[in-house]
Amino acid sequence: MPNPEPRPIRPADVGELHEMVRELADFEKIGHLVKSSPGDLADAIFGQRLLEALVIDRPGGDGLAAFALFYRNFSSFTGKPGLWLEDLYVRPDFRGTGFGKSLFTAFIDTARQRGCGRAEWSVLDWNQPAVDFYRAHGGELMPDWRICRITFKD
């Protein structure tokens, strides 16, 4: 299978991107937490420009095979901006094809090109294939760090 290059998302992709966000949440066993809409994603990406997305098209061009969502942050320790990888998802039929590696490499290259001090992400500790993937690509799992969250209700 050819390894298409990641490309920036287009407005016409947002509906399918949102479908894949739901697929990812279902895989992570938290599908019930998805409250976003395609409109929310479109506004964050193309309106407010809070979020960026890279996608890989299915071979043959019939829809999307994978995506990476990321956004800018800042480290007071490095004194430089960084990028946070919010989600990286490859549809099951395309796992093992190199699509994930292409997206992850594009994300890391984007951080380097922008002069970022860090590129960061989280991974579920039970998702061993993802843990192994990130380690194989130079990712350091921070054993002393855990992500804390407060979720505000509507």
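**How the strands, helices and cores are called**

Modeller: E3 and E4 pair in the antiparallel sense, over 10 bridges. Keep in mind that this is a predicted model.

Biologist: What makes E3 and E4 a pair?

Modeller: Two strands pair if there are at least two bridges between them. E3 and E4 have 10 bridges, so by that cut-off they count as paired. To find a spot on screen, look at Ala 66, which stands opposite Val 90 in E4. The hairpin of E3 and E4 has 4 residues between the strands, and there Gly 79 takes a positive phi near 75°.

Biologist: How do you know that E4 pairs with E5 too?

Modeller: Same test. E4 and E5 are joined by 4 bridges, and the cut-off is at least two, so they pair as well. These two run parallel, with Leu 83 opposite Ala 119 in E5. Between them the chain goes from E4 through H3 to E5, a right-handed β-α-β crossover.

Biologist: Why is that crossover called right-handed?

Modeller: Point the strands away from you: if the path from the first strand over the helix to the second runs clockwise, the crossover is right-handed. The path from E4 through H3 to E5 is classed that way.

Biologist: How do you know that the span of H3 agrees with its 15 residues?

Modeller: At 1.5 Å a residue, residues 99–113 should span 21 Å, and the end C-alpha atoms are 21 Å apart, so the two agree. After H3 comes Gly 115, with a positive phi near 70°.

Biologist: And what about H1, how do its buried residues line up along the helix?

Modeller: The buried residues of H1 are Val 14, Leu 17, His 18, Met 20, Val 21, Leu 24 and Ala 25. Down the axis of H1 they fall within an arc of 160°, so they line one face. Their cover includes helix H2, E3 and E4.

Biologist: What makes E4 mostly covered?

Modeller: A residue is buried when its relative accessible area is under 20%. In E4, 9 of the 11 residues are buried.

Biologist: Which residues have the most contacts inside the largest nonpolar core?

Modeller: Leu 85, Leu 88, Phe 99, Leu 103, Phe 104 and Phe 107, in a core of 21 residues. H3 gives the most to this core, with 7 residues. Apart from it lies another core, of 16 residues, among them Ile 9, Leu 24, Phe 67 and Leu 69.

Biologist: What does Leu 85 touch, leaving aside its neighbours within four places in sequence?

Modeller: Its contacts include Ala 68, Phe 70, Phe 104, Phe 107, Trp 121 and Tyr 134.

Conventions:
Residues numbered from 1 in each chain as written. Predicted model: local features only at pLDDT ≥ 70, side-chain atom pairs only at ≥ 80, totals over all residues. Heavy atoms only, no water. Expected span 1.5 Å × (residues − 1). Buried < 20%, exposed > 50% of the residue type's maximum accessible area, 1.4 Å probe, protein only. Arc of directions from axis to C-beta. Contact = heavy atoms within 4.5 Å. Core = buried A, V, L, I, M, F, W, Y, C linked by side-chain atoms within 4.5 Å.
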